[in-house]
Amino acid sequence: MRRLVFVLPVLLLLTVCQIAGRADDAPQAVVSFDIPAFGRLPILFNGRVTEFDHYARNAMLRISNCETWQDKDGKPRPAVAWLLELMSGSDVAESVPLVFVEHPLVRKLLELDSSADERRVSIKDLLTKLGPFEERQDEIEKSLTRRTDDERAVLDFSFRLGFLGRVLGVFRRPDLTQEATMIAALRQALELEKQAIPFVVAPQKPGGTWLTSTYALIQAHVGKKEEANPASALHARLIEAYRNREAAGFNQAVRDLTLLIKDQKLAACPLEFTSPPGWIEEGTPRLVKQHYFGDAEAFGTTVTTINLFEGTEHLMMHINFFPQGAASRERIVNHWRSGTGRVPLALKAVRTTPVMVAGQSGWQIEIESPDDLPIRSERMLAAGFSHGKQSWVVAGTGPKQLMAKHAKEIEQFVASIKIADPDAMEKWFSLPQPVPLPDTPAGTKAILAIVPDKQDIWMIQGSYLAEEKPDEKIETMTSIIKSIQFRPRGKGTATADLLPFTWTLPQDWQVEEFPDGELVVVARTRPAFVALTIQPLKANGELSLSNLINQWRAKLQLPELPPEKINDTTKTLTVDNRPITFIVAEVP
């Protein structure tokens with residue numbers, strides 16, 4: 001699904017809807033407006049209560065690559081003032097140079113002057129130039145080759161556009177003059193609430209619902225006075241006062257709103273942390289995601305994602321939690337090892353360093369992908385701790401050189417994590433308990449080939465249900481593996497070029513790969529699906545054949561075998577003068 005799936009409707013609405021009677025220009029100076037007091041009002045973002053000013057600076061950093069903006073006279077203004085312009089419907093919000101566009105290809109696709117010193121473009125101009133950019137974005141997303149730096153730059157800018165679209169959708173003042181436009185704005189707001197968006201109006205009572213700016217303005221406009229949240233009315237009042245350039249009315253509304261919520265105990269997230277300067281908290285919708293560890297299905301979620309962008313590369317930090325029984329330290333570490341191209345270890349062989357995290361006894365580990373491993377070049381710094389019946393993990397990942405440059409910031413981020421209210425943790429972060437994976441159907445057959453290449457190993461695997469004629473598929477898979485011819489690795493952009501071997505495929509088979517280049521897939525032409533997957537791992541003397549095979553068996557829900565029994569289930573094929581470990585298993 002395209003990342004701009006909600007952006008275009010938002011931007012189209014912005015272009016079509018004309019707001020009656022709005023001010024044409026911002027004042028040359030707004031010193032009479034108590035902007036700092038407005039910036040101290042609370043806002044709910046990413047499950048945490050923070051200040052308007054904090055969110056505004058974070059949003060401006062993501063959109064404009066700095067925490068301030070310049071008005072028409074070139075005067076620097078605080079980020080929160082731009083949000084006020086946007087909420088009041090001022091033309092200034094769209095007409096000033098704001099959106100940071102640096103990469104030459106992105107500027108070319110947007111038909112921007114590459115020789116100009118100005119690296120920013122107004123929202124109004126940007127909306128008229130998206131066509132060629134979106135066409136190229138579609139091509140890249142559909143491509144099955146490993147992405148180039150230029151292609152990654154296009155996709156990175158699409159993320160920026162997605163973030164901008166959410167900000168516009170949440171804060172742009174709706175047209176309150178017609179019922180149809182208000183209904184459209186409410187529908188749009190409901191769609192946006194499925195994503196990571198801020199809520200700006202605090203609930204009237206503890207445990208109540210926070211509201212978006214759009215919902216609050218419409219509630220204040222059409223709702224019954226006795227039913228409306230008083231904070232909605234005050235929010236609407238301060239926006240209208242700013243819209244009409246009435247500083248006294250604006251300041252009074254801010255004071256009244258501050259007094260209204262002063263004694264309220266707003267539900268703050270019990271887990272606190274501080275993002276490093278320059279890092280951007282993207283916001284993560286609290287949707288349950290499934291993560292698999294061994295023989296259990298762990299329902300986990302991402303609490304927050306924080307990114308740092310430098311050119312076409314970026315670092316990511318994230319905080320996740322899972323039910324403790326399904327996501328032990330050892331399973332998490334092995335999950336990460338596989339993701340960075342290292343073989344998983346026997347659980348008793350997993351080693352981590354003790355450390356205090358969030359005031360709890362925890363652990364930390366550093367994992368790097370091997371320098372000479374094809375495809376990946378990543379480093380991960382991670383830590384974890386347990387609280388009650390939950391396992392928490394904090395991880396920073398990215399290219400090795402960039403990670404080395406910013407490792408201290410990641411360590412400081414981990415050190416900043418605190419549990420403000422221990423009793424509220426499990427209530428705030430509640431998830432279903434892990435459930436066993438459904439039984440693998442009887443008669444399912446699976447194949448595993450372990451192909452050595454110097455210090456690398458390539459795992460080729462596939463599984464087939466009984467009704468899929470597994471014997472026929474296993475026979476085809478075996479013939480493909482027997483056709484392997486080893487070769488020096490190629491230098492092409494596709495991951496398949498980096499394979500240390502070629503093979504002969506049946507006429508109706510083809511090679512595909514995931515766009516990030518992390519996994520090569522051999523599949524029948526559509527409509528049939530994956531038949532074999534190939535994954536590179538670096539052994540470096542750590543390889544335990546029995547451990548690797550037993551982890552593969554666990555995915556099939558087959559019992560673990562002791563090392564002395566492993567040889568009874570395998571056979572060695574000599575292919576192009578090299579030994580390949582070959583296993584076929586059937587689920588009884």
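Let's start with Q390 and what surrounds it. Setting aside neighbours within four places in sequence, Q390 is in contact with F321, F322, Q324, F385, M425, E426 and F429. Keep in mind that this is a predicted model. Where does Q390 sit? Q390 is found in strand β15. Is Q390 buried or exposed? Q390 counts as buried, because its relative accessibility is 7%, and the cut-off for buried is under 20%. The side chain of Q390 also has a polar partner. That partner is the side chain of W392, at 3.2 Å.

Now the strand itself. β15 covers residues 390-399. How many of its 10 residues are buried? The count is 9, so β15 is mostly covered, given that buried means under 20% relative accessible area.

Look at the strands beside β15. One is β14, residues 378-387. β14 and β15 run antiparallel, and 10 bridges join them. Find two of the residue pairs on your screen. G384 has V393 as its bridge partner in β15. A383 has V394 as its bridge partner, again in β15.

These two strands form a hairpin, with 2 residues between the strands. Check G388 there. G388 takes a positive phi near 60°.

Another partner of β15 is strand β11, residues 313-323. What is the sense of that pairing? β11 and β15 pair in the antiparallel sense, over 8 bridges. As an example, M317 stands opposite G396 in β15.

Back to β14. β14 is mostly covered too, with 8 of its 10 residues buried. β14 pairs with β13 as well as with β15. β13 spans residues 360-368, and it meets β14 in the antiparallel sense over 7 bridges. Here the pair to find is I365 and A382, where A382 is the partner in β14.

Next, another part of the structure. Please find F52. F52 is placed in helix α3, residues 52-64. What is the relative accessible area of F52? The value is 1%, so F52 is buried. Which residues does F52 touch? Not counting residues up to four places away in sequence, F52 touches F38, G39, L41, P42, I43, V80, L83, M87, F171 and V200. Take V200 from that list. F52 and V200 are 148 residues apart in sequence. In space, C-alpha to C-alpha, they are 8.1 Å apart.

F52 brings us to the cavities. How many cavities of 30 Å³ or more does the structure hold? It holds 5. Let's take the second largest cavity, with a volume of about 90 Å³. Which residues line it? The lining is F38, L41, P42, F52, V200, V201, A202, A231, H235, L257 and I261. Two elements give two or more residues to this lining: α12, residues 230-243, and α13, residues 247-262. What classes of residue are these? By class, the lining has 10 nonpolar residues, 1 polar residue and no charged residues.

One more residue: Q219. The place of Q219 is in helix α11, residues 213-222. Q219 is buried, because its relative accessible area is 18% and the cut-off is under 20%. The side chain of Q219 makes a polar contact with the side chain of S232, at 2.7 Å. Now compare positions along the chain and in space. Q219 and N229 are 10 residues apart in sequence, and their C-alpha atoms are 8.2 Å apart.

Finally, step back to the whole protein. How many helices and strands are there? There are 19 helices and 26 strands. The protein has 588 residues, and 52% of them are buried. Last, contacts between residues at least 6 apart in sequence. What share of those join residues at least 24 apart? The share is 64%.

Q390 is in β15. F52 is among the residues lining the second largest cavity.

Methods
Residues are numbered from 1 along each chain as its sequence is written. This is a predicted model: local features need pLDDT of at least 70, side-chain atom pairs count only at pLDDT 80 or more; totals for chains, interfaces and linings use all residues. Side-chain values use heavy atoms; hydrogens and water are left out. Buried means under 20% relative accessible area, exposed over 50%, partly exposed in between (1.4 Å probe, protein chains only). Helices (H or I, at least four residues) and strands (E, at least two) are DSSP runs, numbered from the N terminus. Two strands pair if DSSP finds at least two bridges between them. A polar contact is a pair of N or O atoms within 3.5 Å; within protein, one must be able to donate a hydrogen and the other to accept it, and residues adjacent in sequence count only if both atoms are side-chain atoms. On a 1 Å grid over the protein atoms alone, a cavity is a set of points where a 1.4 Å probe fits but cannot get out, and a pocket is an open set with protein on both sides within 12 Å along at least five of seven lines; lining residues have an atom within 4 Å of a point. Grid points are joined across faces, edges and corners, and a volume is the space filled by probe spheres set on the points. Ala, Val, Leu, Ile, Met, Phe, Trp, Tyr, Cys and Pro count as nonpolar, Asp, Glu, Lys and Arg as charged, and the others, Gly among them, as polar. Contact means heavy atoms within 4.5 Å.
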